[in-house]
Amino acid sequence: MSFRELLNQGPFFLDGGMGTLLQAEGLKPGEAPEAWNLTHPEQVTAIHRAYYEAGSHMVAANTFGVHPQRYDLPMCEEMIRAAVACADRARQEANCGHEMFIGLDIGPCGKLLKPLGTLDFEEAVSGFAEVIRIGAACGVDCIFLETMNDGAETRAALLAAKENCDLPVLVSNAYGADGKLMTGGTPESVVAMLEGLGADAVGVNCSLGPDALAPIVERYLAAASVPVLMKPNAGLPQEKDGKTYYNVLPEAFSARIAALVPKGLRIMGGCCGTTPAYISALKAAAGDLVPPALQKKEHTVIASRGTVIELGKDPVVIGERINPTGKKRLRKALEEGDMAYVLNEAISQEEHGAEVLDVNVGTPGVDEPALLCQAVQELQAVTDLPLQLDTADPAAMERALRVYNGKAMINSVNGKQEIMDAVFPLVKKYGGVLVALTLDETGIPDTAEGRLAIARRILKEAEEYGIDRRDILFDTLTMTVSTDRTAARTTLEALKLIREETGCGTVLGVSNVSFGLPEREVLGSAFLTMALERGLSAAIMNPLNSRMMGAMVSFRTLTGRDENCGAYIRFTGELPAMQAVAPAAVAGTAPKETGANGLRRAVVKGLCREAGNLARTALESGEDSLELVKNEIIPALDEVGQGFEAKQIFLPQLMMSAEAAEAAFREIKEKTAGQAEGQAPKGTVVIATVKGDIHDIGKNIVRLLLENYGFEVTDLGKDVAPETVLEAVTRLHAPVCGLSALMTTTVPAMAETVALLHERAPWCRVMVGGAVLTEEYAREIGADGYGRDAMAAVRLVESFIAGNA
Amino acid sequence: MQEGLRLEELGEIPFDEKEILRYAMLPSFASAPEELPLRECLAAAKGAAQCRAVWRRYPLARDGALLDLGFAKTDSRDLIRHLEGCAEILLFACTAGAETDRRIARAKLQSPAKGLLMHAIGAQQVEGGCDLLCRRLAEQFPDRQLTDRYSPGYGDLPLELQRYVMEALDCGRTVGVTLSESLLMTPSKSVTAIIGMKEREEA
């Protein structure tokens, strides 16, 4: 029987702990176990052999810690060769009747991936790829990814395995007692992602004993279609007389695991604290059990890092707002690389009930593959909503799919052969739920039957690629009812036909139906209700539109999905805020004082809404915007700034005043937009947190204050390479650059940036700041000025610019 | 898991508004600005922190001018002074977890003031986690007197020691804390420290 067949049949026995046994043989704490492949091959071989003889079908070679992040490549290769040789010798020497395999054992690389950490995704992939290529060349039977406690890193390792060998890949993650990975993944989200990427078995190991891991394994069994594995610790480590021992003995250990076999567990072994005795006991307890046949789960799921959405059960809201079509402000933000705007769109849609976010960044003049990839990574750092990747460019789709942490929704494919040829291989490789549009080379059929015929063709083609029909949703295309009076009817009929015949879920962008008509959401919400009634699985819509969301919430309430009408009542409670389009209409924020003095006071006190309202009222009553800035806002900021310098006012107060000033400036900008009389910027300042440093709270405060004082600020963000700073300073011919570093270890990067700027952009004055810096230190690294705090930075920039003028 | 390591689940630490404002650089005598979005930030932070710690006990030994900490040797005068009279140390790493970093990133996007507050909430969580851990350790070693905690980067104790701390406590596996090239810990709201232990002096 082949390795994969044995896995699918079960019970399949893995080995137990390696580190524990090497320690018993004399491995010192802190000493690398993998070094013993070279220094103590006999001991390593003997342990493998003992596991085979105890009943293990597969042992994991002693390669857990071998990774280019820790060793150079020749050393990696030497250690892996030696490790596999030990396992191979054990296999030849072992005396047992069952089949014996060797797994290449791969643990975490020791660095956390971006955005939480600093390791680049592709760098992680290539590191694992090196190890896997060496292991595969040594003739291992499978790849065993284990003890991974970050979903993104697991993804990188699995992708590396799939791209560099044809061996089966077993993936095992380490969960905390809260049932989550360290970075937030859940059993369901992890299974969705790993199955999408083609893992041959999934499961859990380490961190907990069999009792605590059992509920997590049961969640795996409920979610997974592939075989599930379990490799617990022998309970928790305890100490007695200075000796460590684990508190679950082989009998209890194996009984607990064996109890899961009738529920579907097929692959099992032990982790920390377990020995060949545990594996013998496990074989005795579970060897004769027969797990139920593997069952494919029919649900359609997408996932993010830690959230899973099932499509086809309750209707799902896909937020449509991250799409530049017809949105000038977003288009501008994308052209300028202003990702903060995009991220805020995501957060506001999430706060208004979006469950999935459509992400489309395609606009002329941008590098769409790079931008989509960046957007996906940055979005996933601030929201855990699953994403729908929306692009017509297969290159952009692939780059985004590689880095997407989870199982994405893919928008879209259609019946055109060329498109299917480009998109299906991506879905097969990376996993995902595909939105299929019912159009083809001949256009969009006028009839529901025509669209059904295309759906059939798409399904047939998908099947040839081995893509499961559960992973396809059909979009029967919403057309404008103002140009074709039967358009909506055809769309809805096609929806019903396809749903009934194929059983697949459906999705519609609902907004388009009312294009060109007044009061669009009146029509749009009725159309949404009709589509939902015909079984629509997901609507791509604007969650900030109260009428559209009202239709969705009402449908859920009316179809018995809303216990005690709680969701409906919550929604209506938020309606007044949603309907208040103009900020002026917000209740309770009417200016307490009018006139000039009020604004100054509002800024000093840090009253944001009041400052905004007062500025607007003043402008509406004909006050000159420049006068307002000169006589109200700047004096207020000066008052606060001086108070801060005199230590009478503190950081939170300074910041609130800065935000209040910003609110007033927003009103002024709006008023003067398109007019020449707007405040002319005083000068351009480039700011950044230096390479290797990710602290940016201080830098952000400096930016806000500089903007308040009328400077044009280009903020390059954090962890910025010297060359990137130079590029921006040169491009903008910026007279001033501000650099921030919070750690002693990143000051060298700051010094390097200062030197580079002085050499290549000699016109630019460089100021530095951050917790570890002092006036003296700043001078030492060649900076032109030191900003002790945010106010000092503003004063410095003012003096630099005045000096340059 | 390596021999001798101990894990502690510390969970979410109760919010302490005074402490949080202090971490946001507002001295206790000053009053918070009227519209400071503290309530909003506390609501947004709820449930994010999942404090965890790992610790290990080491004997101390002198090695000429160096102090052998069991996992590394140091010539730090400040630490040597801090550990005077101690025969052992407890080394620990404590983190508020990855979700806290995400909430901070999210708050920073919404406004700098929210960013500052969320960062302060994270600091209060991890520091509160350390306090809770230290109380547990004091209970666990009733016959010992524990010193205050001392972290790499304090005084003349170099930050480079972090590499050895990470290895010794297997931080990536045990609490999900890793170190960047520039010795920055991720998640950012993490603390490592050394506590000295000596025989309790007779009262």
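Q: Where in chain B is B:Leu183 placed?
A: In this predicted model, B:Leu183 lies in the loop between strand E8 (178-179) and E9 of chain B.

Q: Why does B:Leu183 count as buried?
A: The relative accessibility of B:Leu183 is 3%. Buried means under 20%, so B:Leu183 counts as buried.

Q: Which residue of chain A has a positive phi near 55°, and where is it?
A: The residue is A:Asp719, again not a glycine. A:Asp719 is in the loop between strand E22 (712-715) and helix H27 (722-732) of chain A.

Q: Why is A:Asp719 called partly exposed?
A: A:Asp719 has a relative accessible area of 29%.

Q: What makes the bond from A:Lys114 to A:Pro115 cis or trans?
A: Omega for that peptide bond is near 5°, and the bond is cis. A:Pro115 belongs to the loop between strand E3 (101-106) and helix H6 (121-137) of chain A. Most peptide bonds are trans.

Q: Which peptide bond has an omega of about -5°?
A: The bond that joins B:Thr186 and B:Pro187, which is cis. B:Pro187 is in the loop between strand E9 (185-186) and strand E10 (190-199) of chain B.

Q: Why is A:Asp105 called buried?
A: A:Asp105 has a relative accessible area of 5%. With the limit for buried at under 20%, A:Asp105 is therefore buried. Its place is in strand E3 of chain A.

Q: Which residues is A:Asp105 in contact with, leaving aside its neighbours within four places in sequence?
A: A:Asp105 touches A:Ala60, A:Ala61, A:Thr63, A:Phe64, A:Phe144 and A:Glu146. Contact means that heavy atoms come within 4.5 Å.

Q: What makes both faces of strand E18 of chain A count as covered?
A: In E18 (residues 472-475), A:Ile472 and A:Phe474 point to one side and A:Leu473 and A:Asp475 to the other, and all are buried.

Q: How do you know that strand E17 of chain A and E18(A) pair?
A: Four bridges join E17 (residues 433-437) to E18(A). Pairing needs at least two, so the two strands pair. They run parallel, with A:Leu434 opposite A:Ile472.

Q: How do you know that E1(B) pairs with strand E2 of chain B?
A: Five bridges join E1(B) to E2 (residues 51-59). At least two are needed, so they pair. The direction is antiparallel. For B:Leu7, the bridge partner in E2(B) is B:Val54.

Q: What is the strand order in the open sheet of chain B?
A: Five strands follow the order E1-E2-E6-E10-E7, with antiparallel pairing.

Q: What makes strand E1 and strand E7 of chain B edge strands?
A: Strand E1 (6-11) and strand E7 (144-150) each pair on one side only. From one strand to the next, the twist averages 25°.

Q: How many helices and strands does chain B have?
A: Chain B has seven helices and ten strands.

Q: Why is chain B called as compact as a globular protein of its length?
A: The radius of gyration of chain B is 18 Å, while the globule rule gives 17 Å for 203 residues. The two values are close, so chain B is as compact as a globular protein of that length. Along the principal axes, its C-alpha atoms fill a box of roughly 55 × 40 × 30 Å.

Q: What percentage of the 203 residues in chain B is buried?
A: Buried residues make up 58%. The accessible surface of chain B is about 8,800 Å², with 49% belonging to carbon and sulfur atoms. Of the contacts in chain B with a separation of 6 or more, 77% are between residues 24 or more positions apart.

Q: Why does B:Thr174 count as buried?
A: B:Thr174, in helix H7 (residues 171-174) of chain B, has 6% relative accessibility. Since buried means under 20%, B:Thr174 counts as buried.

Q: How do you know that the side chain of B:Thr174 makes a polar contact with B:Leu169?
A: A polar atom of that side chain lies 2.9 Å from the backbone oxygen of B:Leu169. The limit is 3.5 Å, so the distance qualifies. The side chain of B:Thr174 also reaches the backbone oxygen of B:Asp170 at 2.9 Å.

Methods: Residues are numbered from 1 along each chain as its sequence is written. Chains are lettered from A and ligands numbered from 1 in the order in which they are written. This is a predicted model: local features need pLDDT of at least 70, side-chain atom pairs count only at pLDDT 80 or more; totals for chains, interfaces and linings use all residues. Side-chain values use heavy atoms; hydrogens and water are left out. Buried means under 20% relative accessible area, exposed over 50%, partly exposed in between (1.4 Å probe, protein chains only). A polar contact is a pair of N or O atoms within 3.5 Å; within protein, one must be able to donate a hydrogen and the other to accept it, and residues adjacent in sequence count only if both atoms are side-chain atoms. Axes are lines fitted to C-alpha atoms, for helices over the stretch in contact, and angles run from 0 to 180 degrees between N-to-C directions. The radius of gyration is taken over C-alpha atoms; the globule rule is 2.2 Å times the number of residues to the power 0.38. Accessible areas come from the Shrake-Rupley method with a 1.4 Å probe; for residues, only the protein chains shown count as cover.
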